[in-house]
Each structure stands twice: as C-alpha cells, then as structure tokens.
Amino acid sequence: MSDATTNRSDEALSSLAVPPACVNAPADLDAESPAGAPAGVDPLSATPAPTEQGEWTKLQRSAVLVVDDDYGVRNTVSRFLQREGYEVLAAENLTEARDHLHNHDILVVLADITLKGGENGLEFLHEVRAARPNLDVMMMTAHSDLDYAVEALKQGAYDYLTKPFPFELLKAAVNRAVERRRYVEREAMLDLLEERRATDEENVEQFMVSLASITDAKSHFTARHSARVADLSRLLAEAMGLDDDTIARVTLGGRLHDIGKIGVSEMIIEKAGPLTRDEFEIMKRHPSIGDDLLAPIRTMQELRPMVRWHHESLDGTGYPDGLKGDLIPVEAMIVKVADIWEAITSRRPYREPMSLEVAAKTLAAEAGRRVPADMVDAFLQAIEGAPIALPIVAA
Ligand SMILES: [Fe+2]
Ligand SMILES: [Fe+2]
C-alpha cells in the first residue's frame with residue numbers, strides 16, 4: 001500500500017534529521033511519529049490520507065516521489081517535504097513507484113538505492129531515465145552504498161544524499177532539482193510557443209496568399225497575375241544581386257501586391273473597355289485597401305511598402321500618395337517593374353498581349369520616368385530567354 005501523507009504542521013519534525021535505514025529501529029520511528037501512534041499504523045491517519053489511487057489522480061500539482069522500503073525514512077522525508085509545500089507520493093517498492101510514475105505528474109524522484117526483495121534503486125533510475133529524460137532522480141544511500149551512489153551519478157542520477165542527512169540538505173537538494181525541472185519545463189514551453197507562433201505566422205501567410213489568389217480569380221484575365229508578378233519580382237531581385245531575405249520578401253510582396261483588389265468591384269476589374277474617371281478613382285484605392293488589410297498583422301509589416309506603393313512613379317504622378325524619386329522604396333519599384341511587364345504581356349478585356357519585343361520597348365520607355373533606369377536595364381537583360389518572359393497561353 002502506498003502511504004501518501006497529508007500536509008500538517010508538526011514542529012517536532014523541524015529539529016530532526018532523516019534517520020539511517022531503520023527497519024530494525026522502532027524507537028526512531030516513534031520519534032518521528034505523533035505521540036501515541038501505534039507501530040505499523042499510519043501515524044497521520046487522524047487526518048484522512050488519500051490512499052486510494054482515484055484520489056491521487058485528482059492531484060492538481062506535481063508531486064515529489066519518495067521511494068524507500070524503510071517506513072521511517074519514507075514517512076519522515078514525505079512529511080518534511082509536505083511541510084515545505086510539496087505534494088508527496090510515497091512508495092515502498094518499485095511496483096508502487098512505477099504505478100505513481102505512470103499515473104501522476106512527478107516533479108522529482110527521491111529513491112533509495114537498496115530496496116527489499118532484491119529490488120534496486122538503480123533499476124528504477126534506468127526506467128525513469130528511459131521514460132522521462134527530463135525527470136531528475138536523486139538517490140538516497142547508506143554509507144555502505146557509496147559505490148552504488150557514484151555508479152548512479154554515472155548513470156544519470158541528478159544527486160545523492162547519504163543517510164542520515166539533515167533536513168536542510170534534503171530541502172536544498174530537492175529545491176535545486178525542482179528549480180531545474182521548472183527551468184527545463186519553462187524552456188520546453190517557450191520552444192512550444194515559438195513553434196506555435198511560427199505555425200501561426202505560416203498560416204497567416206498562407207491565408208494572405210489564398211486571398212490574393214481569390215482576388216486574381218475575380219477575372220479570368222488576371223487569374224495568374226499575382227503569381228507571375230511574384231516570379232518576375234524574384235527574377236529582377238536576383239538580377240540586382242540582392243540578398244536571399246530581400247529576394248524572398250520581394251517575391252511574397254509581388255504575390256500580395258494587389259490583395260486590396262478584394263475591395264474593388266468585379267464589374268470594374270472585368271470591364272471590357274477603358275475605365276471612367278470615377279471607376280479609375282475606385283480602382284486607385286486598391287493599394288491603400290491592401291495596406292489597411294496588412295497593417296494589423298505583425299508579420300506583414302515589411303510587405304506593406306510594396307502593397308501600398310507599387311503604383312507610385314519616380315516623377316510623382318503615381319498613386320495613392322504621389323511619392324517621388326528616392327522616397328519610393330526600392331522593393332516597391334521592383335514589384336512595379338514586374339507588375340508593368342506582367343500587365344503588358346497578358347491579354348486584357350480591352351487589348352491583346354504585347355509581344356516580347358514590343359513589351360521590352362514599352363518598358364524601356366518608362367525608364368527614368370516612372371521606374372529607375374538601372375532597374376529596367378537589369379530586368380530586360382534578365383528576362384531575355386527566361387521561361388517566365390511571357391505567360392503560358394492555354395491551347
Ligand atoms: Fe496594383
Ligand atoms: Fe498588379
């Protein structure tokens with residue numbers, strides 16, 4: 001039977017040290033027990049002890065597991081630790097110890113090295129190390145077991161205490177082990193949170209890409225527009241010799257640049273002729289709508305300049321903010337070059353796609369006026385012979 005003890009004040013304990021193994025020392029046992037408790041009876045039975053397995057499964061807090069075949073040691077250590085504020089589970093043999101380990105959240109194990117019936121604390125140490133690598137095991141030994149204690153340390157025991165040990169030593173050792181366990185758990189929790197954060201950020205990115213695809217799908221003429229702008233942005237960023245992070249950012253910026261068109265009517269996006277002034281004013285809102293969409297999302301901040309300013313022009317005639325020259329971020333200009341190329345080489349409801357040659361001349365005419373000349377040069381060199389130069393047209 002396991003003899004879990006309840007938390008209660010017993011001043012007599014505070015001045016006592018844990019006795020050496022005392023199977024044959026009933027006097028010691030009596031000294032640790034409240035006055036009048038008959039030998040062999042749980043001395044704490046005046047307060048109902050939760051001896052049933054079911055009651056312990058309701059434990060809300062982690063417990064220290066004390067494994068010792070000696071009733072006096074087991075009971076004294078358990079009561080002292082309870083006085084220190086720990087939940088304690090006690091076991092007199094490995095069967096009980098395994099049972100507790102299996103059914104409860106154990107904070108740290110205190111195990112005697114030599115147990116009755118040929119059982120060995122080292123055996124339990126192996127089992128714990130294999131099943132719960134983060135759970136620390138402290139061995140309790142008699143002087144004669146010191147070789148075993150050293151062996152236990154070699155085999156992964158956290159520490160050992162030689163009986164008889166003062167309570168202060170026990171307290172310090174358990175506190176240290178518990179602190180370490182909490183530190184390990186905290187680190188594991190932080191790793192888990194970081195993992196979840198990364199997953200959440202990935203999910204947000206996936207969601208935004210899906211939203212961009214939905215926006216493109218508003219018109220079959222723009223079905224792959226954003227995906228192509230992403231590829232062309234990458235081509236230009238690579239041709240400019242930018243670093244990997246910037247290339248990845250610009251590619252994603254290209255993918256999301258028109259996400260604000262989710263807020264523009266399909267009637268305008270699909271219109272087969274030129275837009276009226278009013279319709280164009282509505283269309284011009286899509287960069288700021290897209291920017292507003294990304295603004296509350298922490299991980300999307302670096303993409304906002306490409307979404308908001310991909311229709312700005314060097315000469316200040318662009319929209320929505322009429323930025324000029326160097327005030328327009330390079331990344332926004334890269335997406336703009338890619339966007340212009342994708343638009344002029346694709347079929348639109350109101351015109352046929354340009355050939356490679358005509359498109360190159362059209363883009364070159366914008367150099368230094370709407371987009372930087374060196375960027376146009378780099379793009380035209382990179383696009384020559386590139387597989388994504390022209391859209392794939394279904395047969
Ligand atoms: Fe756009
Ligand atoms: Fe676009």
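The structure is a predicted model, in which local features need pLDDT of at least 70 and side-chain atom pairs count only at pLDDT 80 or more, while totals for chains, interfaces and linings use all residues. Residues are numbered from 1 along each chain as its sequence is written, and chains are lettered from A and ligands numbered from 1 in the order in which they are written.

To begin with the overall picture, the chain holds 17 helices and five strands; helices (H or I, at least four residues) and strands (E, at least two) are DSSP runs, numbered from the N terminus. Of the 395 residues in the chain, 36% are buried. Here a residue is buried if 20 or more other C-beta atoms lie within 10 Å of its own, exposed if 12 or fewer, and partly exposed in between, with C-beta atoms placed from the backbone. Two residues are in contact if their C-beta atoms, placed from the backbone, lie within 7 Å. Among contacts between residues at least 6 apart in sequence, 66% join residues at least 24 apart.

Next comes the sheet. Its five strands are arranged in the order E2-E1-E3-E4-E5, and this open sheet has parallel pairing; two strands pair if DSSP finds at least two bridges between them. The edges are formed by strand E2 (87-91) and strand E5 (159-162), each of which pairs on one side only. On average, neighbouring strands of the sheet are turned by 20° against each other, direction ignored. For such angles, axes are lines fitted to C-alpha atoms, for helices over the stretch in contact, and the values run from 0 to 180 degrees between N-to-C directions.

On one side, five bridges join E3 to strand E1 (residues 63-67) in a parallel arrangement, with Leu65 standing opposite Val109. E3 also pairs with strand E4 (residues 136-141), again in the parallel sense and over five bridges. In that pairing, Val109 faces Val137, and Ala111 has Met139 as its bridge partner. From E3 the chain crosses through helix H6 (residues 121-131) to E4, making a right-handed β-α-β crossover. Right-handed means that, with the strands pointing away from the viewer, the path from the first strand over the helix to the second runs clockwise. Helix H6 lies across E1, E3 and E4, and runs at about 160° to E3.

E4 goes on to pair with E5 in the parallel sense over four bridges, where Met140 stands opposite Leu161. Another right-handed β-α-β unit is made by E4, helix H7 (residues 146-154) and E5.

Leaving aside residues up to four places away in sequence, Val64 touches Leu81, Tyr86, Val88, Leu107, Val108, Leu110 and Val174.

Among the helices, H9 (residues 225-239) has 15 residues and reaches 21 Å from its first C-alpha to its last, close to the expected 21 Å. The expected span is 1.5 Å times one less than the number of residues. Is H9 mostly covered or uncovered? It is mostly covered, as eleven of its 15 residues are buried; among them are Val229, Leu232 and Leu236. The cover over these buried residues includes helix H8 (167-216), helix H10 (244-256), helix H15 (330-344) and helix H17 (373-383). Just after H9, Gly241 takes a positive phi of about 75°.

Glu205 lies in helix H8 and counts as partly exposed because 17 C-beta neighbours lie inside 10 Å. Although Glu205 and Thr299 are 94 residues apart in sequence, their C-alpha atoms are 8.5 Å apart in space.

Finally, two loops deserve a look. In the loop between E5 and H8 lies Pro164, joined to Lys163 by a cis peptide bond with omega of about -5°. Pro320 lies in the loop between helix H14 (304-309) and H15, and a cis peptide bond with omega of about 10° joins Tyr319 to Pro320.
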